[in-house]
Amino acid sequence: MTSIDVHELTKDYGPIRAVDTLTFSVRPGRVTGFLGPNGAGKSTTMRLVLGLDRPTAGSATIGGQAYARLGNPLLSVGALLDPQAAHGSRTARDHLTALATSNGIGRSRVEEMIEQTGLGPVGGRRIKTFSLGMRQRLGIAAALLGDPGVVMLDEPSNGLDPEGIVWMRELMRKLAGEGRTVLVSSHLMNETSSFADHLIVLGKGRLLVDLPTREFLDSRSRAGVRLRTTEPALLHQALARRGYAAVEGTDSDGWWTVDGAGAEEVGALVAAEGIPLLALTDRRPTLEQAYLALTANEAPFAAQPAHDTPED
Ligand SMILES: Nc1ncnc2c1ncn2[C@@H]1O[C@H](COP(=O)(O)OP(=O)(O)OP(=O)(O)O)[C@@H](O)[C@H]1O
């Protein structure tokens, strides 16, 4: 099966370095989430992989070949970059049929893709009457028309309703389950982590993370517990003897946090000491929190937070 390989890839637009000596591989059989704040270089990287722009330095290949050297690219690589790109005065069916015909793909595949992307009821409508979500579905139908082994989608959930987002997730999983190479960009960590096996995170054009999703979460999470007790003084002393500090929450709601400890360990400790507990829970940062912490200094357009983010 086919990998996407990016090696020392660099792209300058005048004084702006959009992509900065980037090296990574996207492997088949899994969904790779491509993350980064606005302007991090995700779309530029995808455009370079698809030969839509020339790198300043480095290379991007698909199965070891530059995109331009692939015989019939639509049969190897399906991409959705800009859902507005389709010709508005055509119907969805005409648009897909024109693509199929010019790439030697049978018309039955057009109907198959219209059904698979849920466009059946609007297949005969002009694209200019489509919502963004319908255009996204059409873009995905076009990307999958040639049954490609490599699928690259730039922000495919944009404009999709909740049902559409669930559909998209399931589609990504299915495509990867069939052994395809699936690269999906987004700036939303929580959504991406719900379907991605692997994460590549960019910041200011540079590679920040290239890890399995689970490993990323584990590497970024600081273990800790939250608990409530009727005997905070005893708790404090018992934990201090084991080298832990119990810190009272700022909301005066009776919650304490203990950094660096697990619920199992603290549970056993307080049970041995006979300290009554009202609640005990492991505290792990969400992926979104880990991601925001990672990219805080990497977003060219980062705003100041409007208010403090609650811990959980
Ligand atoms: N054609 C272009 N000419 C000049 N600058 C460009 C061009 N395309 C991209 N850039 C710049 O390159 C940088 C990376 O942009 P890119 O669109 O690749 O980021 P992105 O991660 O896809 O962001 P977003 O999440 O907002 O889509 C930005 O600073 C952008 O302004």
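Helices (H or I, at least four residues) and strands (E, at least two) are DSSP runs, numbered from the N terminus. The structure described here is a predicted model, in which local features need pLDDT of at least 70, side-chain atom pairs count only at pLDDT 80 or more, and totals for chains, interfaces and linings use all residues. Residues are numbered from 1 along each chain as its sequence is written.

The chain is divided into domain 1 (4-218) and domain 2 (222-282), with bounds that come from an automatic or database domain assignment. The centres of the two domains, taken over C-alpha atoms, are separated by 46 Å.

The ligand is surrounded by 13 residues, the closest being Tyr 13, Ala 18, Asn 38, Ser 43 and Thr 44; a residue is near the ligand if its C-beta atom, placed from the backbone, lies within 6 Å of it. Strand S2 (16-26) and helix H1 (42-49) are the elements that give two or more residues to this shell, and H1 gives the most, with three.

The largest nonpolar core has 63 residues, and Leu 96, Leu 138, Ala 141, Leu 145, Met 152 and Met 172 have the most contacts inside it. Such a core is a set of buried Ala, Val, Leu, Ile, Met, Phe, Trp, Tyr and Cys residues joined through C-beta atoms within 7 Å, where buried denotes 20 or more other C-beta atoms within 10 Å of a residue's own, with C-beta atoms placed from the backbone. Helix H5 (residues 132-144) gives the most to this core, with seven residues. Apart from this core lies another, of eleven residues, among them Leu 235, Ala 246, Val 258 and Ile 275.

Key:
A residue is buried if 20 or more other C-beta atoms lie within 10 Å of its own, exposed if 12 or fewer, and partly exposed in between; C-beta atoms are placed from the backbone.
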